[in-house]
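Please brief me on this protein model. I want the overall build first, then the core, the ligand shell and a few individual residues.

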Amino acid sequence: MALNQRTSIHGQWGSRWAFILAATGSAVGLGNIWRFPYVVGESGGGAFVLVYQLFVLAIGIPVMMGEILLGRHGRQSPINTLKSLCVDYGTHRLWTLLGWLGVLAGFIILSFYSVVAGWSLAYVPMTAGGAFVDASAERVGEIFQGLLDRPLELLLWHSVFMAMCFAVVSRGVRSGLEKAVRFLMPALFLLLILLVGYGMGAGAFAESLHYLFVPSLRELLAGGEAGSLGALMLGAVGQAFFTLSLGMGAIMVYGSYLSSRSSIPQNSVIIAGSDTAIALIAGLAVFPIVFAVGLEPDSGAGLVFITLSAGFGQMPAGALFGTLFFVLLSFAAWTSAISIMEPATAYLVENRGWSRRRGAAVVALAAWAMGILSALSLNVMSGLTVAGMGFMDLMEFLTFAVMLPLGGLLVALYVGWVLPRRVAEAELQLSHPVFNAWLMLIRWLVPLAIALVFLNALGVF
Ligand code: PHE
Ligand code: NA
């Protein structure tokens, strides 16, 4: 069955491990280290963690396999991959919209992702300079708010981060993306281990384990701090897609550079497993420090910037380890943001015949311009709200609660129902029973679960 004859014009990963590092680099980001702990904190701990892990397992991994197989089969940017598959297999042209939805979601995510990554960059010199040493949580909160209040500083760090992403993506798959992750991912891993060791010494490790891993049934049914089980599930599904980089073509485009001989199911399990492990480990690095100094875990988006910084400030060698923490956070954000830029960059190279440099520059500039609105929504434009949300919150809501789950739903429907079964069979190379189990999940469970979560969020039940 010679199904796969295409090669990518952008090149291929040097090895299977390069793909795993890059895809794990994409997955592990602000979502794990900044967002996961604060969403857990807001949703009340163990109940959320449990639902989130179930979603990763039953929805995330099957959809990831679907995205990678689409990418590897089409061997182009998501838009052109879908276009080619529609031609090759006579599926309806409208499915190309799935590629466009991804590119649009990517722009939106990148625009605010870069602003938050900018906070992290700003915190490196601030923490190293001892700004938080012995500072009260209140004082740290003022310092964070002070940063948000200064539009020029926010824009500066947002620009620096975007330039860092451009520097990598403009160099292409092998000498840009692959080179960056080969250095950054091991560094990230080492830093994380170091920080967990430090957190274990902080004293509230057992309390943190309990908080993260022991859900109470009553809490689960009531939806924890999220208010209802439906709200908790919508939060968990959005976080599951975001954290695994699914629903917008990032993993799909990385899959298009993957060797035909590498196992998609195995790789997916490794990537999703590492991402989940790192989110949990990040929780175990953050909460012990928060609890050890008697702070509350539910401070929201400011959790690692305010609460954790206050915690570090009261710990021995806190300035040093705090600095390492924000270096870690910045590295993680960097290896994710480059994957968010890649689908649109690859598309411009393919369709316009542009150089990588030019494609990456246009993508970075467009996302940068849009990010300005997010940065300004925190200060000079804070009065401008829709449904009580400022621009940045609105963009976050639009992608997390709508576009990513919708993208995941469409991937599942396309792969499960529209694309000929033999394509998935040839790409996944699974034994019959395992393939059938995957097909059941992608055809029934994934669409149903996402649809239910949507309907529930709309208040239908
Ligand atoms: N997975 C990344 C994180 O957890 C974010 C991301 C989303 C990256 C979508 C690529 C695509 O931070
Ligand atoms: Na992640």
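The points below run from the whole chain down to single residues.

This is a predicted model: local features need pLDDT of at least 70, side-chain atom pairs count only at pLDDT 80 or more, and totals for chains, interfaces and linings use all residues. Residues are numbered from 1 along each chain as its sequence is written, while chains are lettered from A and ligands numbered from 1 in the order in which they are written.

**Overall build**

- The protein has 19 helices and zero strands. Both are DSSP runs numbered from the N terminus: helices are H or I with at least four residues, strands are E with at least two.
- The radius of gyration is 21 Å, close to the 23 Å that the globule rule gives for 461 residues, so the protein is as compact as a globular protein of that length. The radius is taken over C-alpha atoms, and the rule is 2.2 Å times the number of residues to the power 0.38.
- Along the principal axes, the C-alpha atoms fill a box of roughly 65 × 50 × 40 Å.
- Buried residues make up 55% of the 461 residues. A residue is buried if 20 or more other C-beta atoms lie within 10 Å of its own, exposed if 12 or fewer, and partly exposed in between, with C-beta atoms placed from the backbone.
- Of the contacts with a separation of 6 or more, 84% join residues 24 or more positions apart. A contact means that two C-beta atoms, placed from the backbone, lie within 7 Å.

**Nonpolar core**

- The largest nonpolar core has 167 residues. Such a core is a set of buried Ala, Val, Leu, Ile, Met, Phe, Trp, Tyr and Cys residues joined through C-beta atoms within 7 Å.
- Met64, Tyr113, Cys165, Leu328, Ala337 and Met341 have the most contacts inside this core.
- Helix α15 (residues 318-352) gives the largest share of the core, 18 residues.
- Beyond its neighbours within four places in sequence, Tyr113 is in contact with Leu30, Ala333, Ala337 and Ile340.

**Ligand 1**

- The shell around ligand 1 holds 15 residues, and the closest are Gly29, Gly31, Ser245, Ala250 and Ser336. A residue is near the ligand if its C-beta atom, placed from the backbone, lies within 6 Å of it.
- α1, α2, α11 and α15 each give two or more residues to the shell.
- The shell divides into seven nonpolar, eight polar and no charged residues. Here Ala, Val, Leu, Ile, Met, Phe, Trp, Tyr, Cys and Pro count as nonpolar, Asp, Glu, Lys and Arg as charged, and the others, Gly among them, as polar.

**Helix α2**

- Helix α2 (residues 30-43) has a kink of about 40 degrees at Phe36, shortly before Pro37. The bend is the angle between axes fitted to the seven residues ending there and the seven starting there.
- 13 of the 14 residues of α2 are buried, so the helix is largely enclosed by the rest of the structure.
- Just after α2, Gly44 takes a positive phi of about 90 degrees.

**Buried positions**

- Ala23 lies in helix α1 (residues 16-27). Ala23 is buried, with 30 other C-beta atoms within 10 Å.
- Apart from neighbours within four places in sequence, Ala23 is in contact with Ile251, Tyr254 and Ile271.
- Gly249 sits in the loop between α11 (229-243) and α12 (250-255). Gly249 counts as buried because it has 36 C-beta neighbours inside 10 Å.
- Setting aside neighbours within four places in sequence, Gly249 is in contact with Pro78, Gly99, Gly102, Val103, Gly106 and Pro343.
- Leu394 lies in helix α17. Its 20 C-beta neighbours inside 10 Å make Leu394 count as buried.
- Leu394 and Ser374 are 20 residues apart in sequence and 9.3 Å apart in space, C-alpha to C-alpha.

- Most residues other than glycine have a negative phi.
- Asp134 has a positive phi, near 60 degrees. Asp134 is in the loop between α5 (96-128) and α6 (137-149), and counts as exposed with 10 C-beta neighbours inside 10 Å.
- Ala387 also has a positive phi, near 50 degrees. Ala387 is in the loop between α16 (356-376) and α17 (391-418), and is exposed with 7 other C-beta atoms within 10 Å.
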